[in-house]
Amino acid sequence: MVLCAQTKRCRQEAPPVKARMPLAANETCQAVLGLRQRRALRLASSPASTASAPRSSEWFWAPLILVTFLSFATRFYRLREPPHVCWDETHFGKMGSYYINRTFFFDVHPPLGKMLIGLAGYLSGYNGTFPFQKPGDKYEEHSYIGMRGFCAFLGSCLIPFSYLTVLELSKSLPAAMLTAAILIFDTGCITLSQYILLDPILMFFIMGAVFSMVKYNSFANRAFSAPWWFWLCLTGINLAGAMGVKFVGLFVVLLVGLNTVYDLWELLGDLSLSLVTLGKHFFARVLCLIMLPLALYTAQFAVHFAVLNRSGPGDGFFSSGFQSRLIGNNLHNVSVPEYLAYGSVVTMKNLRMAGGYLHSHWHLYPEGVGARQQQVTAYLHKDLNNLWIIKKYNLNTDYADSSFPVEFVKHGDVIRLEHKETSRNLHSHQHEAPLTRKHLQVTGYGINGSGDSNDFWRIEVVGRKSGKLIKVLRSQIRLIHLATGCILGSTGKTLPKWGWEQVEVTCTPYQKESPNSLWNVEDHINPRLRNISLDVLKPSFPEILLESHMVMIRGNSGLKPKENEVTSKPWHWPINYQGLRFSGVNETDYRVYLLGNPVIWWLNLITVGLYLIMAMFLSVAIKRGAHLTAERKELSQVLLRGGGLIMLGWLLHYLPFFMMGRVLYFHHYFPAMLFSSMLTGITWDVLLKFCAGLLSASTQVYNCGIVLLILLSVYRTSGI
């Protein structure tokens, strides 16, 4: 009571009178007023018209229950249909099976979404035996409904999250109901939530992060209280979840980061806060929004590597050291000599994704393809033709003779690699490579190890000094051709039938270090050296974590469309230009097509333009000192602060796709569509309130406008 009285007095009394107040009371007033001003500037806590705010718990719970019921009813309706594999269920259902069977695989996305799908399948009785070979395969007796139901559950939660977020930002029940209606009745959102896909899981964590961020912003006047800590920590947890499903979760991380920077900037301008308090605010956000998400994100990969401990189809994408961890891999529990020596028989694996083993065979390059010498390629499978003998460049010694001392290969040595099966040397010369222009051809040349100076290669270890030994599995090496200075590498291009459709190997004149030109020694045979277990050479957890991210990033950037698949461009998405075929290739099949409700999508697109016009008009009016009533000032704050936050979210989840080089699909727009739907609710609510304020029958105009927009969102949704 005393504090309230002091606050009121601070607002009403003139400055000279305030100066005569007792010092303690004056400081209290300044702190309270500073806190109120700071709260008014929060992105997510701008007050709306009190007339539209919920007046009781019934007004809060009844609409929320209705919205939640409708969202679950629409998502779980006919969930079993069709009873066959649809679109990317081929991939993510299969990956769920891999987790159940603990079989290692490779995917371009982080593991959390697939782990959750596998867990849902396991808990619902699925045994991981369905092959998920291609769309259209019937599930028959296999239990698939648990995995679909899990995705439908998370997709259903998007609507309550969006409803509560808009309600918190606008304090307007009609705005929240309009947003909920848009998302409930959009056919695209319904379809995307009903199948075994990563999208509903990703959007669940994105909306969870946005809602949590808005909630902890609303507790700014109760900083460091239990609710404030709860919502701040929950924001960090959801950020880890979004990043753990797909890398595009980085966009919501950026949104929360920008909100946090704005928040700290406002706190810095509050002179009533001490530097100690500012430091606490800063470290609280570092702890909850950086350290906590990083720890959880890392823990996801720890679980991923612990569960997938058996050799599988993903082995070949990773290094030899990584493969040695996997039960059933030919490198698991193997003993080999640790350091490379002259006379050793080795296989060399290229470090680019699916780069293959250095390989040669008796077949020659055809006429017109460089010199007609023995082919050298990269082969993706284990084979005797992958074996090479390391020899000194100027000697042809019998290294099996025990009278010669063992000599280890060192960084910077000049060596000769002799193909074990054909006794020809690895060779390069001034002939163009078969497929890659400006690269030099690599061949097998010579007889029984005798050749010429074009067979000489300098071996270098990345990051090592001259004279250092070369370690099996761990050392990343380059082979530099002594005569031309080019570097041995695998281009990743597939040779024609004359090359048995193996991978092209060239000598590249470009000195840029890349996985294409890096190799490691995998198999190592030398009876004169003591064998050690590969367990001591296995990479550490930080190393395999880093390697998995490098492989995922390379894989993501190299994604190509499948045969006869419909791709799209980012400008197609907001206008609902074309969708995706999920199921059905003829008139007799159960047909599923991903496409949004055109009325809703065009309304959202128009609203983006409408918001920009309104925001610009209000910003200029406020800057010019236009007289606004208290209610209109509050509405302006809702539009500029709350709507601005949502608009920023839409931009961050949409514009980056214009700069991506990978293949893109219609479903990539749906996280941005969530933000545009929330923006529609806020923008039209504010616009109708402004319009209603200019007319005599204000309540009727406002209510009719909201009802009309909700009815428009229901229109053309009967096809679900």
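**Stop one: a loop with a cis bond**

Select Pro82 to begin: this residue is in the loop between α4 and α5. (Helices, H or I of at least four residues, and strands, E of at least two, are DSSP runs numbered from the N terminus.) The peptide bond that leads from Glu81 into Pro82 is cis, with omega near -5°.

A word on what you are viewing: this is a predicted model, where local features need pLDDT of at least 70 and side-chain atom pairs count only at pLDDT 80 or more, while totals for chains, interfaces and linings use all residues. Residues are numbered from 1 along each chain as its sequence is written, and side-chain values use heavy atoms, with hydrogens and water left out.

(Buried is under 20% relative accessible area, exposed is over 50%, and partly exposed is in between, using a 1.4 Å probe and protein chains only.)

**Stop two: rings that meet**

Now select Trp87 and Phe582. What kind of pair do the rings of Trp87 and Phe582 make? Their centres are 5.0 Å apart and their planes are at 15°, so the pair is stacked. (Rings of Phe, Tyr and Trp, the last by its six-membered ring, pair if their centres lie within 6.5 Å; planes under 30 degrees apart are stacked, over 60 edge-to-face, and the rest tilted.) This pair links distant parts of the chain: Trp87 is in the loop between α4 (57-76) and α5 (89-101), and Phe582 is in strand β15 (residues 580-583), 495 residues apart. Both Trp87 and Phe582 are buried.

For another geometry, go to Phe230 and Trp231. Here the centres are 5.0 Å apart and the planes are at 75°, so this pair is edge-to-face. Phe230 is partly exposed, at 47% relative accessible area, whereas Trp231 is buried, at 15%.

Across the whole structure, a search finds 45 aromatic pairs.

**Stop three: helix α18**

From Phe670, select helix α18, residues 670-693. At 1.5 Å a residue, its 24 residues should span 34 Å, and its end C-alpha atoms are 35 Å apart, which agrees. (The expected span is 1.5 Å times one less than the number of residues.) 21 of the 24 residues of α18 are buried, so the helix is largely enclosed by the rest of the structure.

**Stop four: more charges**

Side chains of opposite charge can pair when their charged atoms come close. Select Asp523 and Lys382: they form a salt bridge, with the closest N and O atoms 2.9 Å apart. Asp523 lies in strand β13 (residues 519-525) and Lys382 in the loop between β4 (374-379) and β5 (388-392), so the pair ties together parts that are 141 residues apart in sequence.

Then pick Lys392 and Tyr342: the charged end of Lys392 sits over the ring of Tyr342, 4.5 Å from its centre. (That takes NZ of Lys or CZ of Arg within 6 Å of the ring centre and within 35 degrees of the ring normal.) The charged end of Arg325 also sits over a ring, that of Phe322, 5.0 Å from its centre.

**Last stop: two positive phi angles**

Select Arg102, in the loop between α5 and α6 (112-123). Its phi is near 60°, a positive value in a residue other than glycine. Finish at Glu501, in the loop between β11 (487-494) and β12 (503-508). Glu501 has a positive phi of about 55°, although it is not a glycine, and at 52% relative accessibility this residue counts as exposed.

Conventions:
Salt bridge = Lys/Arg side-chain N within 4 Å of Asp/Glu carboxyl O.
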